[in-house]
Amino acid sequence: MVILAVVLLAVVMIGFTITRSTGTPLYASLGVAVSEAIIEQRAEEMGLNEPIVVQFWTYVTHLLQGDLGVSRISRIPVAEDIALKLPATAEMVFFTLAVSFIWAIPLGVRAGLRPDGKLAKLGEGMAQFGVSVPAFWLGLLFIFLLYFLPPRLPEPLGPLPSLFPPPLGRVGSGVTPPEMVTGLYTVDALIAGDFRLAWHTLWHLILPAVTLSLTSGPPLFRVTRSAVSEAVSSPFVEAAYSYGLGRRTVLIRDVLRNASPPVLNLAAMTFGYLIGGGVLVEVVFSWPGIGSYAVWGMDNSDYDVVLGVVLIAAIIYVILYFIVDLIQFAMDPRLRD
Amino acid sequence: MTVLSPQRERGRMARVFVGPTVGMTIRRALFFFMLFLAVVAPWLDDFSAWLPFPIYDPLRPDPFNPVSPPTAEHWFGTDTLGLDVFTRVLMATRVDFTLALIGVALGGGLGCLAGAWAAYRRGWVDMVALRIVEVLQSFPVLLLGLAMFAAFGSLEIFGPVDHGMAVLVLSISMVNFPLYLRQVRSVLLPLTEAEFVQAAKCAGLGAWGIVWHHFIPNARGQILALFPLTCAYAIQIIAGLSFIGLGIEPPNPEWGSMIKAGATLIVQGHWWVSVFPGAFIVLSVYSLTGFSARSETLVGPGGTSA
């Protein structure tokens, strides 16, 4: 717990130093055609003339009250904006993990059971591909292949115009998002009982989720594979067989159960990581999450925005790390000694 | 004077090119081919008469031939300004490889030293080192890069060195420092009590002497195994940051910024501007994995990408 606090404090300090070391970003918000006096007045207003220690103290106390500062461009509190955009990112990451659970885990289990089988080779191939390919490029490629590769008719007619616009953003233009309950559009649409809208939002989720899953799933595949193959060759599985238990029973009761902790651990870490790690995919798919928000802040030299996102992402990651540790500790009696 | 037998020397050289499996050997050959192209890229223009492919000035636009699809004159087509994508992809290889190498060498080198120091000293030094690793690794990599660019945004402290490139290199080092620190430390930790260390201590060798002469050489295998993987990873980070407009300013050739330039074209069906640079990223990363016997990778949490 103390370590957690120390790590978080250090994270905040680094973030703070980074953004305050940049000099006055006031020109960015006021433009260059203003007098020194106005600049000076704004600097005073924003507390930029205080000593750095005081500024840091103000920042930390505000931070503890959930105040991340105000965007210098839009004048909206950063915390509010992040609260609005975090569900979008969380939804994308949830579905990314769901997609990974569909391909990476089964293939990993199969590869652990039959290391030389065709499916093991397929999984290894996908993993190899997934780590080599940059996610943002893969996303662009998907958009192009699925939506803009014009179907060609014989020569006098030439290429056809593309029929469907790609599903960019969370909902298509002209579609009203569902009423906010959880902030996850698919869930909100289901709560509202609007199945068409739920399908629509799901449709917009698929491409980013598949893209992110292909590039973030390989570690899951590999960990599953090694956990399963280790469990299969362990003495307790041999013992279970010698009791005369069937293959299926042993697989579920002994192999999968024993192989699951490292996999679930990694899945949780992947979740925490992707909250801030999906920036480029968000940009490619115009997904209005915190990653796009950070890039927007960066483009406008709005460093409170950048720092806010970086902090939130890092804090989520650290806290998740801590929780995973706790769960592991509670689940595995061997760790308690 | 010690002379290594020529036989042994040849064997050592060959082991760099020939991997344990055929696939790895092919990947290594691919890598050395790309490395060769990267090295000679600026001089290709002088030898264009002997080359099978046409080569152009990567920065001179051809206003009469914008957005041309791949042809015999422009193998990879041209972009909106009429710049030849093929030439630019080759030049970008040079840029990306160099930046990745410098960044990894800088951060990794410091990480190795810090890791060895932490393993030797243990106690509170070790504690502090591990905390630093944890703090650095709790930032998602690209956001760390973003924060670095925010930090150095208006500070012109690199003198003649290109600002964006310098910050890119620093970001890469920040990512690699904890990776190497953790790896080296975990390998060397059991060696602290080893007899040869005790002997060196008795012989009067100082702490840095032991770290330098006895610890680092013992971690060499691990460091060499990590090196190609981290370089591959660094290339992806550089391209990713350039993709959101940080680092290398267009029109200078770089894979990520080229993909960005092509992103608006790809939705009009002009795929070549983005696809070829991306394919080169994939090829370079894939070829680098030919140097690592370990199948695990760095992408993802704990290891740490986009």
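Q: At what N to O distance do the side chains of A:Arg222 and A:Glu124 meet in a salt bridge?
A: A salt bridge here is a side-chain nitrogen of Lys or Arg within 4 Å of a carboxyl oxygen of Asp or Glu. A:Arg222 and A:Glu124 form one, and their N to O distance in this predicted model is 3.0 Å.

Some ground rules: this is a predicted model, where local features need pLDDT of at least 70, side-chain atom pairs count only at pLDDT 80 or more, and totals for chains, interfaces and linings use all residues. Residues are numbered from 1 along each chain as its sequence is written, chains are lettered from A and ligands numbered from 1 in the order written, and side-chain values use heavy atoms, leaving out hydrogens and water.

Q: Which residues are linked with A:Glu124 in a network of salt bridges?
A: A:Glu124 also meets the side chain of A:Arg225, at 2.9 Å, N to O. So the network of salt bridges joins A:Glu124 with A:Arg222 and A:Arg225.

Q: Is A:Arg222 buried or exposed?
A: Buried means under 20% relative accessible area, exposed over 50%, and partly exposed in between (1.4 Å probe, protein chains only). A:Arg222 has 8% relative accessibility, so this residue counts as buried.

Q: How many salt bridges does a search of the whole structure find over all chains?
A: One of them joins B:Asp126 and B:Arg185 at 2.5 Å, N to O. Both of those residues are buried. Over all chains, the search finds four.

Notes:
Helix = DSSP H or I, 4+ residues; strand = E, 2+ residues; numbered from the N terminus.
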